[in-house]
Amino acid sequence: MLNETQMWAIFDGTVMTIEIALIAIIFGAIFGIIVALGRISKNKILNAISWFYIWFFRGTPLLLQLFMIYFAFPIIYLEMTGSTFEIDARICAFITFSLNSTAYLAEIIRAAIESIDHGQMEAAQALGMNYSQAMRKIIIPQTFKRLVAPVGNELIMLLKDTSLVSTIALFDLLRTVKTMASSTGSWVYYIYAAVIYLFLTTILQIVFDKMESKLGVYEKR
């Protein structure tokens with residue numbers, strides 16, 4: 001059985017896990033829209049920058065990105081300026097997971113936008129709307145239902161991938177129980193972590209399933 005100190009430690013680790021995932025999905029969605037619009041833009045420079053961003057963050061391991069920001073950037077800064085620079089592990093996790101999430105959500109959003117019939121844009125422009133107005137008022141709102149399931153999957157993946165932050169000495173749920181298991185020699189702490197992860201991912205799955213059903217109530221199946 002867990003004592004009070006262990007329970008609070010696991011609670012704090014769980015909060016850290018949820019916090020990283022939520023911040024990553026929020027900022028990933030905000031910047032993902034921008035990158036997605038750049039990806040479908042007719043401006044070659046914006047299109048190229050967006051393509052490179054997605055190519056890099058989807059093509060390299062999340063753990064490598066975490067190490068680059070936490071370990072490599074301070075070294076690069078030291079070599080360039082001669083001054084030391086340390087990044088807080090928590091801030092590093094927020095930044096890395098947000099950047100990574102942006103790349104994946106950008107592709108999800110781009111695909112959802114391109115799935116909308118082109119006639120919708122033509123109709124909006126015929127009503128006197130410019131491109132940005134049509135995207136904001138007509139196209140993007142129609143993608144919401146199509147985005148729910150993949151965004152939910154991305155959030156669940158982020159929730160599980162937060163276990164990687166243990167490599168930069170951040171006490172998320174997994175690192176917390178791993179420390180307890182190492183200090184006591186008992187494997188049962190991993191069961192507690194598995195139950196919590198399953199509980200959180202199940203709740204997310206239920207919430208996103210209900211959202212998808214609600215948003216798609218007027219669509220023909």
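Biologist: Is serine 98 buried or exposed?

Modeller: Bear in mind that this is a predicted model. Serine 98 sits in helix α4, residues 89–114. Its relative accessible area is 10%, and the cut-off for buried is under 20%. Serine 98 is therefore buried.

Biologist: Which element gives the largest share of the largest nonpolar core?

Modeller: That core has 26 residues, and Ile20, Phe97, Val165, Ile168 and Leu170 have the most contacts inside it. Two or more residues come from each of α1 (4–39), α3 (62–81), α4, α6 (131–161) and α8 (188–215). The largest share is 6 residues, and the element is α4.

Biologist: How many residues are in the second, separate core?

Modeller: Its members include Ala36, Tyr53, Phe57 and Leu147. The count for this second core is 18 residues.

Biologist: What is the phi of alanine 169?

Modeller: Alanine 169 lies in the loop between α6 and α7 (173–184), and is partly exposed at 48% relative accessible area. Most residues other than glycine have a negative phi. For alanine 169 the value is positive, near 65°.

Biologist: How many residues apart in sequence are the parts that arginine 90 and glutamate 19 tie together?

Modeller: Arginine 90 and glutamate 19 form a salt bridge, with their closest N and O atoms 2.9 Å apart. Arginine 90 is partly exposed at 33% relative accessibility, and glutamate 19 is partly exposed at 25%. Because arginine 90 is in helix α4 and glutamate 19 in helix α1, the pair ties together parts of the chain whose separation is 71 residues.

Biologist: Is glutamate 107 buried or exposed?

Modeller: Glutamate 107 meets arginine 58 in a salt bridge, 3.5 Å from N to O. Arginine 58, in helix α2 (residues 44–59), is 49 residues from glutamate 107 in helix α4. Arginine 58 counts as partly exposed at 41% relative accessibility. Glutamate 107 has 16%, so this residue counts as buried.

Biologist: Which residues are linked in a network of salt bridges?

Modeller: Arginine 110 and glutamate 114 meet in a salt bridge of 2.7 Å, N to O. Both lie in helix α4, 4 residues apart, about one turn of the helix. With the pair of arginine 58 and glutamate 107, the network comprises Arg58, Glu107, Arg110 and Glu114.

Methods: Residues numbered from 1 in each chain as written. Predicted model: local features only at pLDDT ≥ 70, side-chain atom pairs only at ≥ 80, totals over all residues. Heavy atoms only, no water. Buried < 20%, exposed > 50% of the residue type's maximum accessible area, 1.4 Å probe, protein only. Core = buried A, V, L, I, M, F, W, Y, C linked by side-chain atoms within 4.5 Å. Salt bridge = Lys/Arg side-chain N within 4 Å of Asp/Glu carboxyl O.
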